Amino acid sequence: MRAWGRLFLLGVGGFTLASALCGFAVNPEMLVASRILQGGMAAMMVPQVLSIVHATFPAHERGKVFGLFGAIVGMGAVTGPLLGALLTEWNIAGLEWRPIFLINLPVGIAALVLGSRVIAESKAPRALKLDLVGVVLVTLAMLALVYPLFTCNSGSAGARCGRGSPAYRSRSPCRSRPGSPCRSWCRGSGGRCCRRAR
């Protein structure tokens with residue numbers, strides 16, 4: 001079995017284990033840690049699907065397979081939250097929210113069994129190396145994009161970019177006189193117009 005097949009099965013196994021840990025979490029800290037592990041295993045598992053499809057199916061069939069893969073992913077994105085809400089509402093066996101994670105166990109076990117039997121062995125003519133520099137750059141770029149979105153409205157960062165910021169407080173209703181070009185609001189103590197009537 002090629003490396004991507006092993007990585008896929010490892011990701012499936014890790015995702016299943018992390019789902020079990022989430023379902024049996026005894027405190028919020030364990031739940032958060034298990035969710036982080038679950039996300040890491042999903043990140044390991046999902047990209048291998050594209051490699052497996054590329055290596056398993058001939059070129060004229062890949063379009064159909066990728067279309068089916070996209071449809072399944074889209075359906076999962078739509079039905080997943082709905083199913084999770086129903087499982088929580090039904091409160092199966094008094095487990096409350098835990099079934100939304102435990103439902104992954106039979107699915108993961110089935111994927112492990114079938115994957116170990118179905119995924120065919122394939123060999124690339126030339127082994128490719130991981131672009132570590134590219135991985136680091138993409139990770140830093142995503143961090144620079146996502147981090148401000150999560151911190152802008154919390155704590156001290158929120159004071160710099162929300163309603164409590166000096167830039168926001170400096171805006172005051174424009175006390176314009178008749179005939180003044182000032183239309184909406186002024187900035188600073190001098191009452192300097194920041195938007196003029198057109």
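This is a predicted model: local features need pLDDT of at least 70, side-chain atom pairs count only at pLDDT 80 or more; totals for chains, interfaces and linings use all residues.

User: Is serine 19 buried or exposed, and in which helix is it found?

Analyst: Buried means under 20% relative accessible area, exposed over 50%, and partly exposed in between, with a 1.4 Å probe and protein chains only. Serine 19, at a relative accessible area of 0%, is buried, and it is found in helix H1; helices are DSSP runs of H or I with at least four residues, numbered from the N terminus.

User: Which residues does serine 19 contact beyond its neighbours within four places in sequence?

Analyst: Contact means heavy atoms within 4.5 Å, and with those neighbours left aside serine 19 is in contact with Gln38, Phe101, Asn104 and Leu105. A polar contact is a pair of N or O atoms within 3.5 Å; within protein, one must be able to donate a hydrogen and the other to accept it, and residues adjacent in sequence count only if both atoms are side-chain atoms. A polar atom of the serine 19 side chain lies 2.8 Å from the backbone oxygen of phenylalanine 15.

User: Where does threonine 16 lie, and what does its side chain reach?

Analyst: Threonine 16 lies in helix H1, residues 3–23, and counts as buried at 9% relative accessibility. Its side chain reaches the backbone oxygen of valine 12 at 2.7 Å.

User: What is the state of arginine 35, and which side chain does it join?

Analyst: Arginine 35, in helix H2, is partly exposed, with a relative accessible area of 45%. A polar contact of 2.5 Å joins its side chain to that of glutamine 38.

User: Which residues make up the largest nonpolar core?

Analyst: A nonpolar core is a set of buried Ala, Val, Leu, Ile, Met, Phe, Trp, Tyr and Cys residues joined through side-chain atoms within 4.5 Å. The largest one here has 6 residues, namely Phe8, Leu9, Val12, Met45, Ile52 and Ile119. H1 and helix H2 (28–56) are the elements giving two or more residues to this core, and H1 provides the largest share, 3 residues.

How values were computed. Residues are numbered from 1 along each chain as its sequence is written. Side-chain values use heavy atoms; hydrogens and water are left out.
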